[in-house]
Amino acid sequence: MNKLIIADPSECIGCHVCEIACVVAHNHQRWPQSTREFVPRIRVFNDAKNSIAVTCRHCNNAPCITSCPVDALRFVSATVQLDQTRCIGCKSCIVACPFGAIDMVPAVDSDIALAQKCDMCQTINADQPACVTHCPTQALRIVDEQSLLTLRQQRQQKACCLIVK
């Protein structure tokens, strides 16, 4: 079963703390030296009324994995993991991702761009992702396939009740 981070738009206040926590966690618990190094693996989108955090869905049968010509993306420990050392910057994964959850970022010590995506903080040995831990409203949570199925059923029942009334 895959795991992913979901955001509750009714709880998200658009504060971007999840982005900051992500960047600091992946920068050895330090603030980045430059704005070029501020590259969160989660993104908060705001409009006039709503905010929502978006990150990789770690899809089963992920199209990003099958599109990668160098096997830089693999399904490991119920998540889609990127080996950035194998990435050639071809952008196939970006085109294949139905959620727009992969970004191209400048490589360290180079002018080329490489893919970057949420790794559920597995590369930093955290109990849970930094974005989830630091969200001030608890709008973010980790779910698995069973949790998603339960949530879907609850929403369908709620929608059904609204139609009947």
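**Entry 1: Asp-103 and its partner**

I opened this predicted model at Asp-103, which is partly exposed with a relative accessible area of 22%. Next I asked which side chain Asp-103 meets in a salt bridge. I found Arg-43, at 3.1 Å from N to O. Arg-43 lies in strand β2 and Asp-103 in strand β6 (residues 103-106), so this pair ties together parts that are 60 residues apart in sequence. I also looked up the exposure of Arg-43, and it is partly exposed, at 28%.

**Entry 2: the whole structure**

How many salt bridges does a search of the whole structure find? I got two. Besides the pair above, I noted Arg-41 and Asp-119, whose side chains meet at 3.5 Å, N to O. Arg-41 sits in the loop between α1 (17-25) and β2 (43-46), while Asp-119 sits in the loop between β7 (113-116) and α4 (130-134), so the two tie together parts that are 78 residues apart in sequence.

Then I asked myself: is Asp-119 buried or exposed? I found it buried, with a relative accessible area of 5%. Arg-41, on the other hand, is partly exposed, at 22%.

**Entry 3: cysteines**

I turned to disulfides and counted zero. For Cys-135, the nearest cysteine sulfur is that of Cys-15, 6.2 Å away. A disulfide needs the two sulfur atoms within 2.5 Å, so Cys-135 is in no disulfide.

Note on methods:
Residues numbered from 1 in each chain as written. Predicted model: local features only at pLDDT ≥ 70, side-chain atom pairs only at ≥ 80, totals over all residues. Heavy atoms only, no water. Salt bridge = Lys/Arg side-chain N within 4 Å of Asp/Glu carboxyl O. Helix = DSSP H or I, 4+ residues; strand = E, 2+ residues; numbered from the N terminus. Buried < 20%, exposed > 50% of the residue type's maximum accessible area, 1.4 Å probe, protein only.
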